[in-house]
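Today I opened the notebook to look up charged side-chain pairs. Here is the model I worked from.

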Amino acid sequence: MKKLALAFSLFSSLLFFNSCANESEYHYTAIHYPRVKSVLYADQTLDSISFVTFDTWMLKTNDEWIHIPENKLYGEVPVGYYIRTSVPVTFDPNTTGESRMTVLNLLAHGNVLSTSYEQLAYLNVIHPFRKDGAFLLEDSAFVETDSLVFYAHGPWKVELVGEQLDWLVWQEGTPSTGQKGRQKLVFGMQKNQAENERKAVLRLTSNGVTDDITVVQLPPKKED
């Protein structure tokens, strides 16, 4: 918390737009982050709201899947001071299968400022790229190595759906579980000499959210 005198050099251009209760009292509140909206992946549960205000303030939201510590829902700012702060915001993992949006309101001096958070319905899979609502990794008949690349926002695991395959195997030393962070899991494939394509499904789970990644290895082209 800082005195108003210090704030003049920082916010003089902003104060020009503010209404004044009297010559010595100023009112100004602004949300610095998220400016409009923060977008999170389905397993992402941590974010924040950052703002500056010259007034006593309160945070309000109506959705049960967003949480703010009780001791961070309200703050008092004495006359002649301002505060610049960041409040942690947490979310439940999105296991609904649909993207969802929530609005967070900041109340100060009778005014309401709003920002929003969108929590996507899927995980942060970097390779393969998500297209048409699905993760599809398509390789030619003679590709022998590929990878699954993702960023997990919590504990994760990857498993092969169905029976063990003889044409797709994980590279030696590749983990099947881990903690938060970017991961690159490399797997090998035998050349596809059959007339038909073949498929495998890799199931990625992070923070209780699951996505399937389909690996398709095409048959040889007729000229091959």
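Is Lys191 buried, partly exposed or exposed by relative accessibility? I find Lys191 partly exposed, at 40% relative accessibility; buried means under 20% relative accessible area, exposed over 50%, and partly exposed in between, with a 1.4 Å probe and protein chains only.

A note on my source: this is a predicted model, where local features need pLDDT of at least 70, side-chain atom pairs count only at pLDDT 80 or more, and totals for chains, interfaces and linings use all residues. I number residues from 1 along each chain as its sequence is written, and side-chain values use heavy atoms, with hydrogens and water left out.

Next I searched the whole structure for salt bridges (a side-chain nitrogen of Lys or Arg within 4 Å of a carboxyl oxygen of Asp or Glu) and got four.

Entry one: Lys191 pairs with Glu144, with 3.7 Å between the closest N and O atoms. Lys191 lies in the loop between strands S20 and S21, Glu144 in the loop between strands S15 and S16, 47 residues apart. (Strands are DSSP runs of E, at least two residues, numbered from the N terminus.) Glu144 is partly exposed too, at 43%.

Entry two: Lys37 and Glu118 form a salt bridge at 3.1 Å, N to O. This one joins strand S5 to strand S12, across 81 residues. I noted Lys37 as partly exposed at 40%, whereas Glu118 is buried at 18%.

Arg203 is partly exposed at 29%, and Asp212 is partly exposed at 32%.

Technical notes. Helices (H or I, at least four residues) and strands (E, at least two) are DSSP runs, numbered from the N terminus.
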